Each structure stands twice: as C-alpha cells, then as structure tokens.
Amino acid sequence: MGSSSIPYVCLNRYNIMRALLFLIFIVSTSSFVVTDPPTKLEMVIKDDLPFLVEFYKHRHQNPEISLQEKETSAELAAELRKLGIEVTEGFGGYGIVGILKNGEGPLILYRTDMDALPMYEKSELDYASKKEIDYEGLRTGTMHSCGHDVHMATWLGTARALVAMRDQWKGTLMLIGQPAEEIGKGAKMMLEAGLYDRFGVPDYGIGLHSSPTIAAGQVGFGKGFTMAYTESVDILVKGIGAHGASPHMSIDPVVIASMIVMDLQTIVSRSLKPTEAAVITVGAIQGGIKHNIIPDQVKLKLTVRTYKEEVREMVHRRIREIAEGIAIAAGLPDDMMPEVYIREESTPANYNDPDLVEAMTVSGAKAIGEDNVIYAEPVMIGEDFSMYGSTEHDVPTVLYWLGTVSEEKIEAGNLPGLHSPYYFPMPAKTIETGVAVTTQSLIDLFNG
Ligand SMILES: [Zn+2]
Ligand SMILES: [Zn+2]
C-alpha cells in the first residue's frame, strides 16, 4: 500500500508532535490502523470486523472434531458463495476449495483448517463451547482449543477484503478449507483427491497458525524448518514370563523395556550431531497386570520429532539397533526380537521458503508496522500444512504465527498452550491482524 506504516520516522519537532497525537489516536481507538490517513485495507477491515468477530464466536461455540466438519465446511462454502466465489465441496472428506479468479496473474493457495478437539472447554467465556459428543465410547466436550476457529475467521475476512479490493490485484486465489488437521490426515486427503491436478499447481502456498505466546497484534515468522516431522513409533518388547518370585525362570520384558527407555535417551545426546534437533519421547509403557507376575510382553509408545530426512533415518535406525541390542544382551532368541513399528499417521516437517518469508515480512510490516513482525523460533510440534509444499511439485510455502494473547496475560505469565482447555485468542485484535497481514501479503504476491 502507498503510505508508510510508520509515519514518525523523521524526528523534527513537528513530526514528534504529529506522532504523539497519532499515538493517542491509536490508543484511543485501540485499532491496528497505523497509517494516516488509513489505507483502503485498514478501512475495509475496520468495517468488516464486527461481522468477523460474530462469525468467530459462532464457530467457537459450534466446534466439530476431525472428519466431522460437516456444518463448518457448509458454512464456509456458503460464505464464499455470497462473495461470488466458485466453491467445490466434499473434496477430500469435508474439504472445500474456493476459486477466486481475478484476471491474469499467479495462482496462490491460502489454507485454513476447520477441525476442533474432543475436550471440555474451561475458559469461562460467555461464548464458550458447551457442545458434547460421544467419542470412542466416552462422553466429552468439543472445543476449538487449537485456534482453528480464528484461522477460519481470518481466512473468511481475507477473502472478503480481497473481493472488496479486487481492483488492486490480479491473479487467482485458491481458498482451501481443510478438514482433519488434528489427526494429520486432511491435507493428505485433499492432495490425494487431486487438488493440484484439478485446480492447478499453485505458485505459492500460505497459511497461519494461532500462537499461544505471541501478543495479539503481532505476527511471527521463522525461516527454513519451523515445525517438525512428527511420527508415532510402537515397540513391542517380548520376553518370557514367570512367577515374580522366580525371576531366574524369566527373561523379563519389564527390565528390557526399561533399559530400552534409558538407552533411547542416548540417541539425541550421543548419536545426533549437537547442532541438529530431534526429540524422542516415550509417552506410554504398558505391560503386566499384577505385582507378582513377570509378564511376557511390554509395549512402548514413542513420539519422534525431527526436521531433516537424514536425522529422521538415523533416529529410526538407532531405535531399532538399541531395541534389538538390548534384547540380544538379555538372551532372547532371534525369533523374539522386539518389533519396532513406525506408524503411518505422520506429518512431514514444515519448511518455510526463505524468499517467501522475506516477501511476507515486508508485506506484514507494511500492514501492521515493522515492530509487530517478529522472529519466531522453530518448534517441535507438527502441522500437515507442510504437505502442500512438500509434494512432487515443490510449491514454496509459508506457515506463519498469528499472535493471539492479551498483553495482560503475557505480563502475568498466564499462557495456556494450544490444546489447553483454558486457551483462547483475543478475537478482534487477532482477526484484524491476521486479515491485514494475509491480505497485504497476497496483494503484494499477486502484483509480483
Ligand atoms: Zn492442534
Ligand atoms: Zn492447530
């Protein structure tokens, strides 16, 4: 956009006065509007914000868990159609694809996820979710504790802003409403349903995730690997059971499993190059039923997190070597070696294309001011957004962090994480920031 986002750069007396008056204006309206006069984008967002906050609250109160996003996707599709956007529904489960064509230009993918989690909300908001469902035989609440509701409101707000400002860009926007992110399946389902064959291979792909630590009004970018390859690994340790008082009659799988758990700790500390990253956590040990029986098997359940393929392969190899080595040392025969099973529900590491990060950082600064665009450290959580980039088509993608937290909470150190029953974003500030940064980034990318 035309005018600078930081109007008080030249520090003569006139400009300082002007800046002070302007700061008072910002504080008194508590708006993100940073330009004077406001840009078209700022005006569009200001007008649309009450609608978007209502939409957000409605979605927050009516969450649907993974693979059940029926109403959610229908509502998003209906909202896009109101804007004259061509929508395909039921594309990879409840996936939706909206195509906004606006002349010759790049094809850019922008994805929101739609699913919530099976848990009771404990936020005490007046718009808290009270919805209960039966989940795997248990009665539970449902909650948007990962902020996917705020992703949807931002996504819709961005679509609305781009329609309102269609005279300022040229190209095609591919709006993805993705199901089943929480179980790492949705992106795969949509890609396997032929997303890129049917709608074209995008020139860029962008997305965002709410951050439970960054202040509302700010966004965070990391370059390169920002989120991990996440995998679940099962190890079945076999043994020979016996009376607890006759351990010499057994080959005790509880002891073998315990040694495996301890030795797994040396993969990151001894086998991995110190400048690389990986996590191996044993989240569950299951074996035996009674004090005085040595069981004949123990199950270990691991989560494994890595960034690079060579690290991932090394970790897999070392898990196998350690499990088998300890079993051999315990005297188990060849046909009773531990079974290491790497489960298929995995998501590849998220890689933020460095050039695209550069471009979006500039756009972000234009939209919300340079000070509000911050560096975000890589994390070891996973996100299946990574799959839109890591296909055979090699699409440059960026998933950025959208700040959601109030200053008071940051000061108090009261920062419930994603998936906490107490987590919630500050709706208005978060949505206006997300729409401003995403819309400005898309306009700049469309205009090359
Ligand atoms: Zn989540
Ligand atoms: Zn999430």
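Colleague: Let's start at one residue. Where is the place of glycine 325?

Modeller: Glycine 325 belongs to helix α8, which covers residues 309-329. Do bear in mind that this is a predicted model.

Colleague: Is glycine 325 buried or exposed, or something in between?

Modeller: Buried means under 20% relative accessible area, exposed means over 50%, and partly exposed is what lies in between. Glycine 325 has 35% relative accessibility, so it counts as partly exposed. For a sense of distance, take alanine 128: its C-alpha is 52 Å from that of glycine 325, and the two residues are 197 residues apart in sequence.

Colleague: Could you show me a buried residue? What does threonine 306 contact, beyond its neighbours within four places in sequence?

Modeller: Threonine 306 is in strand β14, residues 297-306. Its relative accessibility is 0%, so it counts as buried. Beyond those sequence neighbours, its contacts are Ala228, Tyr229, Ala277, Ala278, Val311, Arg312, Val315 and Ala349.

Colleague: Now the helices. How should I read a packed pair, say α4 and α12, and at what angle do their axes cross?

Modeller: The general idea is to describe two packed helices by the angle between their axes and the distance between the axes. Here α4 (residues 148-164) and α12 (residues 427-446) have axes that come within 8 Å and cross at roughly 50 degrees. The two helices are therefore oblique to each other. Their crossing is right-handed. On the α4 side, the contact uses Val150, Ala153, Thr154, Gly157, Thr158, Ala161 and Leu162. Their partners in α12 are Thr430, Ile431, Gly434, Val435, Thr438, Thr439, Leu442 and Ile443. Sorted by class, that contact has eight nonpolar, seven polar and no charged residues.

Colleague: And α2 with α4: at what angle do they pack?

Modeller: Helix α2 (residues 40-61) packs on α4 at about 145 degrees, with the axes 9 Å apart. This crossing is right-handed too. Residues making the contact include Phe51, Leu52 and Phe55 of α2, along with Met152, Leu156 and Arg160 of α4. By class, twelve nonpolar, two polar and five charged residues take part.

Colleague: Let's finish with the metal. Which protein atoms are the donors of the zinc ion (ligand 2)?

Modeller: They are Cys146 (SG), His148 (NE2) and His209 (NE2), at 2.1 to 2.4 Å from the zinc ion (ligand 2). Their spacing in sequence is C-x1-H-x60-H. Cysteine 146 also bridges to the zinc ion (ligand 1), and the two ions lie 3.2 Å apart. Distant parts of the chain are linked here: cysteine 146 is in the loop between β5 (138-141) and α4, while histidine 209 is in strand β7 (residues 204-215), 63 residues apart.

Key: Residues are numbered from 1 along each chain as its sequence is written. Chains are lettered from A and ligands numbered from 1 in the order in which they are written. This is a predicted model: local features need pLDDT of at least 70, side-chain atom pairs count only at pLDDT 80 or more; totals for chains, interfaces and linings use all residues. Side-chain values use heavy atoms; hydrogens and water are left out. Axes are lines fitted to C-alpha atoms, for helices over the stretch in contact, and angles run from 0 to 180 degrees between N-to-C directions. Helices (H or I, at least four residues) and strands (E, at least two) are DSSP runs, numbered from the N terminus. Angles under 35 degrees count as roughly parallel, over 145 as roughly antiparallel, 65 to 115 as roughly perpendicular and the rest as oblique. A crossing is left-handed if the near helix is turned anticlockwise from the far one by less than a right angle, and right-handed if clockwise. Contact means heavy atoms within 4.5 Å. Ala, Val, Leu, Ile, Met, Phe, Trp, Tyr, Cys and Pro count as nonpolar, Asp, Glu, Lys and Arg as charged, and the others, Gly among them, as polar. Donors are N, O and S atoms within 2.8 Å of the metal (3.2 Å for Na, K and Ca); water is not among the atoms, so sites may look incomplete. Buried means under 20% relative accessible area, exposed over 50%, partly exposed in between (1.4 Å probe, protein chains only).
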